[in-house]
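Subject: The structure for you to look at

Hello,

Here is the structure I promised to pass on to you. Have a look around it first, and then read my notes below.

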Amino acid sequence: MHRATTRLGVIGAVAPFGLHFAEPFQVENGLEPSWSLRKLLDSDVTDSWLIEDCLPDYQPAVIAGASKSLKTTLATAMALSFASGVPFLGKFKVPERCRVIFCSAESGKSVTKKAIISMAQAMSIDLEDLAESGMLELSWWVPRASDVDIVDYFLSMVCGHEAKVVILDPTYKSLDDNSTSLILTGQQLDKINNAITRAGSTAVFVDHVKRSSNNAHNNKPLSLEDISGAGKAEFFRQWMLVGRREDFEASKPHKLWISIRGSAGYPHRFAQRFNKVRIRNRIGVYGCLEKIRRIDTDVVFASAHRSVGRLHPSR
């Protein structure tokens, strides 16, 4: 009998004909022993919220939308909410502020800096205090699932920062070009998500929707099937889908549909408007938030998402 080791360490003793669980697996190895039904029934397992009624922990999430739907803006707002404890979108409470790593691999440092400054102003967050707290870490790359060394390095970075949440923008830079393979896409997403989970963190991916999406083209609320790439709809356990309510015009505020849903329930769909703000004579940096206006879900969504059923309006 010998010990089996992985890049993450010893996982237990191995018998000639398979695994022998002589020693307990450790959670940081990504595995743990099976549970008896008795243990499950006696356990106190409930949803633990990172953002109340919006984002439970340890379940892979996605923010997805078409071009010019402010996906990265929402990801920025989410990162600031986690790090500061300010309610997300002015509505969803953050029970406890936490450390977060925001991987912004598409926008660039200058654009990200402007977005953080304008969003913090709109959310009434003192950036100097936030910077001193060390709650928000920024990365300018995302790990590629096929590169084991990079994934390991990324895992050490998440552990070193003790991040509770990792936001990866954009998703496609973490994947090889296997967008039509459900199995390969799922495997690659799983590698990234497992590494983040082993570090005690929750992954939030930022992704695109299909160019062929009729909902996006017609300014209707998006569905999970609109996300680009095979296997993603099956992989993500919670999602925020962002669609435009009207065509993009640079001079106008952004009117959006935002649908929040997940395997734990909590359906929300609401209309949101993001206003442009002027920061130090720079125009085109986006901020929020207007009050989320109440909408009649029965009327607005009767034709768009019959399969979803009745959705709760925001309050």
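A quick definition to begin with: two residues are in contact when they have heavy atoms within 4.5 Å. Please keep in mind that this is a predicted model, in which local features need a pLDDT of at least 70 and side-chain atom pairs count only at pLDDT 80 or more, while totals for chains, interfaces and linings use all residues. Residues are numbered from 1 along each chain as its sequence is written, and side-chain values use heavy atoms, with hydrogens and water left out.

The score to know is pLDDT, the predictor's confidence in each residue, from 0 to 100. The chain has an average pLDDT of 77, and 72% of the residues score at least 70. Over residues 1–26 the pLDDT is below 50, and this stretch has 38 contacts in the model beyond near neighbours in sequence. Residues 277–315 also stay under 50, with 85 contacts beyond four places in sequence. Where pLDDT is low, the predicted coordinates should not be read in detail.

Helices (H or I, at least four residues) and strands (E, at least two) are DSSP runs, numbered from the N terminus. Strand β10 covers residues 202–208, and T202 is found in it. Is T202 buried or exposed? For these words I use relative accessible area: buried means under 20%, exposed over 50%, and partly exposed in between (1.4 Å probe, protein chains only). T202 is buried, at 1%. Leaving out residues up to four places away in sequence, T202 touches L50, P56, D57, Y58, Q59, K164, V165, V166 and I196.

One of these residues, Q59, turns up again beside S263, which is in contact with Q59, R237 and W239 once neighbours within four places in sequence are set aside. S263 is found in the loop between β12 (254–262) and β13 (265–274), and S263 is partly exposed, with a relative accessible area of 43%. Although S263 and R237 are 26 residues apart in sequence, their C-alpha atoms are 5.5 Å apart in space.

The expected span of a helix is 1.5 Å times one less than its number of residues. Among the buried ones are L74, M78, L80 and F82. Just after α2 comes G85, with a positive phi of about 85°.

Helix α3 (residues 109–122) reaches 20 Å from its first C-alpha to its last, close to the expected 20 Å. T112, I116, S118, M119 and A120 are buried in α3.

Helix α5 (residues 148–161) has 14 residues and also reaches 20 Å, close to the 20 Å expected. Which residues of α5 are buried? They are V151, F154, L155, V158 and H161. An α-helix has 3.6 residues a turn, so residues three or four places apart point the same way. On the other side of α5, D149 and G160 are exposed. At the start of α5, a side-chain oxygen of D147 comes to within 3.3 Å of the backbone nitrogen of D149. After α5 comes E162, with a positive phi near 55°.

Backbone details

L89 is not a glycine, yet its phi is positive, at about 55°. L89 is in the loop between α2 (71–84) and β7 (100–104), and L89 is buried, with a relative accessible area of 2%. S124 also has a positive phi, near 60°, in a residue other than glycine. S124 is found in the loop between α3 and α4 (127–133), where S124 counts as exposed at 67% relative accessibility.

The peptide bond from D169 to P170 is cis, with omega near 5°. P170 is found in the loop between β9 (165–169) and α6 (182–198).

Cysteines

A disulfide is counted here as a pair of cysteine sulfur atoms within 2.5 Å. How many disulfides does this rule give? The count comes to zero. C54 is buried at 5% relative accessible area, and C98 is buried at 9%.

Enjoy exploring!

Technical notes
Polar contact = N/O pair within 3.5 Å; in protein donor to acceptor, adjacent residues only side chain to side chain.
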